[in-house]
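Subject: Handing over the structure

Hello,

Here is the structure I promised to pass on to you. Please have a look at it, and then read on for what I found.

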Amino acid sequence: MNTSLTRRRTLQAAGAAALAAGLTSLTATAAHADDDTTPEPQLVTYPIPSGVGTQAGFKVRVRTAPDGEWQTLSCYAPGTKEINPTTGSGKVWGSSMVYFDFCGPVELEVTYLKGGTTKARVRPDSYGIKPELLGDTLRFTLDEPKDVIVQINDEIFDCLHVITNRVEKHAPAADDPDVLYYGPGLHTVPGNVLTVPSGKTVYLAGGAVLKAQLDVKGVEKVTVKGHGVLLAPTSSVGGLRIENSKNCRVENVIFIASGIGFGQAENVHVHKTRVFTWGTWGDGYPIYCSKNLTFDGCFARTSDDSFSIYAHRDSFYGDTRNLTIKNCTLWADVAHPINVGTHGNSDDPELIENLLIKNVDILDHREPQMNYQGCIALNAGDSNLIRNVRVEDVRVEDFRWGQLLNFRVMFNTKYNTSVGRGIEDVYIKNLTYTGTHANPSLFLGYDADHAIKNVTFENLVVNGVVIADTMRKPTWYYTTDTVQWYANEHVTNLKFLTTAEAQAAAAS
């Protein structure tokens, strides 16, 4: 279906009818979308439009718990990327994704069609979901909407990604002149690019797939929302670009084959977006020279950094500051889950400051190159100064290949034209790592004038052990030796505290 703006009103009516036909076990209510007071269980599923690729690795059914009618879900087919460390080539593997809306609880039944199932895992581990395994079929319950990954036999790529939302109660009207409305079905736009004017809302209804790039450039008060899918025309073209724009929102949309890019953006709120990438330079949320951005409840499985936070590059100039990443789940098949500081302006140095990373699950990190390791990397290059960073309540599961942390003031000649100015004032509270694959974390200042200063850990827990300067160890050991980390002589005022010690210091 090729929908121009002049034809869309006719298609909207057809889409609305298709959506109504696709609702299952839905009880009408006047409550708002985020209300939790709906008394009746509800479940809404959406068929995959004709012309959109599907995957047949899993049979997936869902029902309202405990005894609603089972609904069968078809699987979307996002790719996943694996880098060969010998050749540098990248292989794309097939994977699976389903999505639906509910007010719960709901029960899921997942059958692995390849067979041979010996174990199953539902991640993140922090959710505590223990599936019931019955041969090649497993069942588990979700009490509220959350995004999870089902792994069979520790399979990395052939996984099932389950994306869920609350039932939407207050969708925009299809005939609203300020809404570019896409109902259920597959849609394209001329030239594969949709340029969004100021004050407009792009709405993708559940069951809609829009194959396009969205350009939000030089505008204000744009919203991109809905429970549908934005499918990039190719895996190398960005799905949504918010550049030189402010006061925008992005909500709930699933991005397949692309991420969301930000350049000189201000005052943007991103809520429960999901990103799948498998192309070259497949960053999930690349950010340049932007201010006052919040990412809340987002999911990313990416073929490069899940979050990349930089200053100047290309046509973007200025500081990056006041960023919040919270309640997110990150899986980086390539490079870092969170990377900060590589790019900047050597001629007119910039700041990257006031970053908050809170309540985040990091599921995987795989990067053979030592220069690009670190589940959280603060890598100050190009005369950047990184300062005032707080990391709190971050849980890192056992990843495949890399480091837990890499804090480095660097001059990487592949990407930098000067050494970074430094890293200052970093506070890390309740960081937990459980696993055996992590390479030693590195804390490397460049020299005395380009140093790392004032890094404090509170309640760092590695495999169940609280790491603190006062822990039992030989008196001649550094605290970093107890976890096989390394900090060089250009790192000053590095502290490891227990929670009690931190509270006492704050009270003094």
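A word on classes before the first finding: Ala, Val, Leu, Ile, Met, Phe, Trp, Tyr, Cys and Pro count as nonpolar, Asp, Glu, Lys and Arg as charged, and the others, Gly among them, as polar. Please also keep in mind that this is a predicted model.

With those classes, the lining of the second largest pocket divides into six nonpolar, 12 polar and 12 charged residues. The volume of this pocket is about 750 Å³. Its lining is made up of 30 residues, and Pro-145, Arg-166, Asn-252, His-271 and Lys-272 are the closest to the centre.

You will find Asn-252 in the loop between strand S21 (246–251) and strand S22 (254–256), and with a relative accessibility of 13% it counts as buried. Asn-153 also has a positive phi, near 55 degrees. That residue sits in the loop between strand S12 (148–152) and strand S13 (160–165); at 30% relative accessibility, Asn-153 is partly exposed.

Next, the salt bridges. Side chains of opposite charge can pair when their charged atoms come close. How many salt bridges does the model have? The count comes to 21.

One of them joins Glu-109 to Arg-61, with 2.9 Å between the closest N and O atoms. This pair links distant parts of the chain, as Glu-109 belongs to strand S8 (residues 106–112) and Arg-61 to strand S3 (residues 54–64), 48 residues apart. Is Glu-109 buried or exposed? Its relative accessible area is 8%, so Glu-109 is buried.

Glu-353 and Arg-321 also meet in a salt bridge, at 2.8 Å from N to O. Here too the pair links distant parts of the chain: Glu-353 is in strand S33 (residues 351–365) and Arg-321 in strand S30 (residues 320–326), 32 residues apart. Glu-353 is buried, at 8% relative accessible area, whereas Arg-321 is partly exposed, at 21%.

Another salt bridge is formed by the side chains of Arg-249 and Glu-251, 2.6 Å from N to O. Arg-249 is partly exposed, with a relative accessible area of 35%, while Glu-251 is buried, with 14%.

Now to the rings. The structure holds 22 aromatic pairs. In one of these pairs, the ring centres of Phe-443 and Trp-485 are 5.6 Å apart and the planes stand at 35 degrees, so the pair is tilted. Phe-443 lies in strand S40 (residues 442–444) and Trp-485 in the loop between strand S43 (465–467) and strand S44 (486–487); the two are 42 residues apart, and the pair links distant parts of the chain. Both residues are buried, Phe-443 with a relative accessible area of 0% and Trp-485 at 7%.

Trp-476 and Tyr-477 give an edge-to-face pair, with 6.2 Å from centre to centre and 75 degrees between the planes. Trp-476 is exposed, with a relative accessible area of 68%, and Tyr-477 is partly exposed, at 39%. Ring pairs also build a cluster out of Phe-407, Phe-443, Phe-457, Trp-485 and Phe-496.

Which residue lies over the face of Trp-331? That is Arg-301, at 3.8 Å from the ring centre.

Finally, some prolines to look up. A cis peptide bond with omega of about 5 degrees joins Ala-65 and Pro-66, and Pro-66 is in the loop between S3 and strand S4 (71–76). The bond from Gly-104 to Pro-105 is cis as well, with omega near 10 degrees; Pro-105 is in the loop between strand S7 (96–103) and S8. Pro-286 is part of strand S26 (residues 285–288) and counts as buried at 14% relative accessibility. Its C-alpha atom is separated by 17 Å from that of Asp-382, 96 residues apart along the chain.

Enjoy exploring, and write back any time.

Best wishes

Key:
Residues are numbered from 1 along each chain as its sequence is written. This is a predicted model: local features need pLDDT of at least 70, side-chain atom pairs count only at pLDDT 80 or more; totals for chains, interfaces and linings use all residues. Side-chain values use heavy atoms; hydrogens and water are left out. On a 1 Å grid over the protein atoms alone, a cavity is a set of points where a 1.4 Å probe fits but cannot get out, and a pocket is an open set with protein on both sides within 12 Å along at least five of seven lines; lining residues have an atom within 4 Å of a point. Grid points are joined across faces, edges and corners, and a volume is the space filled by probe spheres set on the points. Rings of Phe, Tyr and Trp (its six-membered ring) pair if their centres lie within 6.5 Å; planes under 30 degrees apart count as stacked, over 60 as edge-to-face and the rest as tilted. Helices (H or I, at least four residues) and strands (E, at least two) are DSSP runs, numbered from the N terminus. Buried means under 20% relative accessible area, exposed over 50%, partly exposed in between (1.4 Å probe, protein chains only). A charge sits over a ring if NZ of Lys or CZ of Arg is within 6 Å of the ring centre and within 35 degrees of the ring normal. A salt bridge is a side-chain nitrogen of Lys or Arg within 4 Å of a carboxyl oxygen of Asp or Glu.
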